[in-house]
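Colleague: I am new to this one. Could you walk me through it?

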Amino acid sequence: MKRITLLGSTGSIGTQTLDIVAEYPQEFQIVGMTAGGNIDLFAQQIRQFQPEIVAIANDRKIGELKEAIADLPQPPIMLAGAEGIETVAAYGDAEAVVTGIVGCAGLLPTIAAIKAGKNIALANKETLIAGGEVVVPLVKKYGVKLLPADSEHSAIFQCLQGVPENGLRRIILTASGGAFRDRPTSEMTNVTVADALKHPNWAMGKKITIDSATLMNKGLEVIEAHYLFDVDYDHIEIVIHPQSIIHSLIELTDTSVLAQLGIPDMRLPLLYALSYPDRLPTQWERLDLVKCGTLTFRAPDHQKYPCMDLAYAAGRAGGTMPAVLNAANEQVVELFLQERIRYSQIADLIKYVCDRHDCVSHPELEDILAADRWARSTVLEQVMVSV
């Protein structure tokens, strides 16, 4: 039985991870869990999975959490705040830690888990995008595994199994194209928040849906792929694949191309990250290629998706620049969702911040955290000036 700690148990990644644990009780056991502030759901999860230790990010709600599970005969150790979450991440004999915390807030707990010798099921892409310069050396130093738990990077990881060293030539990341995939570039001027949230394939959280519309999500995944698979940016490409059946591909040195296909279901990459190197049988929906019919591909429109090029530029700059890109994007998307800026300002503001950043080439952790703070404040200052 594999013992697991789950960071961000009440979010999408967290609830799907717990679905897997409930489905495979003979394979997985929860040791620790953390959550943001959803006390009702967190208390239910604690009752069901009986972890040894938990933490709530909102330290003002620790009393409410204690009250919600006061009747448990053996309540878990209960902590709060950022330090509490880091303590849970490093706790005990958990073999793997699933990083389901959204945003740059997941970086420090992930580092704590790595230093404690835990393998990482990486569902928090910001860990590598913002902190890759620090995280990758730590993974090597502590001899842990960094296993991708999102669909695109899991697809690449699965395709690479059995590929000899130096056998990889190119990574091809597939993108749905987001809400504006089929809208002409000439009609992008006055798009609204409601327009950007209409994803053509599925319902997701607001932040990732906006990132999908701008294609920043794919640009960020390019940076993540660079760190995960040690591939230079000239050999990582993006292709629009509207059906979202092929989750990504690799090209080998002999021109063979391998792809991972499947019904879009986040549980599959999560399950593989948790069970690796084994494959567990499931009763989930299976892919019917005849029913799928045609699979199509096209190149992304660089004029429609300027954020994609910003991500490549930040990745190539390296150092603290990807952290600035990521933080600026998070702040700008939040402002757009609040309808404080127009859609067309998203890429312009991110570029403004990146152009003004004094990049640190070989950053320490504090350099990355400082760059993150600087980028967010610079976005807010610029928006206040322009209002």
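This is a predicted model: local features need pLDDT of at least 70, side-chain atom pairs count only at pLDDT 80 or more; totals for chains, interfaces and linings use all residues.

The questions below take up a cavity and then a helix.

Colleague: How much space lies in the largest cavity?

Modeller: The volume is the space filled by probe spheres set on the grid points. For the largest cavity that comes to about 70 Å³.

Colleague: Which element gives the largest share of the lining of the largest cavity?

Modeller: The lining includes S151, S154, Q158, H247 and D265. Two elements give two or more residues to it: α7 (151-160) and α11 (267-275). The largest share is three residues, and it comes from α7.

Colleague: How do the lining residues of the largest cavity divide into nonpolar, polar and charged?

Modeller: I263, P264, M266, L268 and P269 are among the lining residues, and Pro counts as nonpolar along with Ile, Met and Leu. Asp counts as charged, and D265 is in the lining. The division is five nonpolar, five polar and one charged.

Colleague: Why does the length of helix α13 agree with what its 12 residues should span?

Modeller: Helix α13 covers residues 306-317. At 1.5 Å a residue, it should span 16 Å. The length agrees because its end C-alpha atoms are 17 Å apart.

Colleague: Which elements do the buried residues of α13 pack against?

Modeller: Buried means under 20% relative accessible area. In α13 that holds for C307, M308, L310, A311, Y312, A314 and G315. They pack against α9, α10, β9, α14 and α15.

Terms used
Residues are numbered from 1 along each chain as its sequence is written. Side-chain values use heavy atoms; hydrogens and water are left out. On a 1 Å grid over the protein atoms alone, a cavity is a set of points where a 1.4 Å probe fits but cannot get out, and a pocket is an open set with protein on both sides within 12 Å along at least five of seven lines; lining residues have an atom within 4 Å of a point. Helices (H or I, at least four residues) and strands (E, at least two) are DSSP runs, numbered from the N terminus. The expected span of a helix is 1.5 Å times one less than its number of residues. Buried means under 20% relative accessible area, exposed over 50%, partly exposed in between (1.4 Å probe, protein chains only). Contact means heavy atoms within 4.5 Å.
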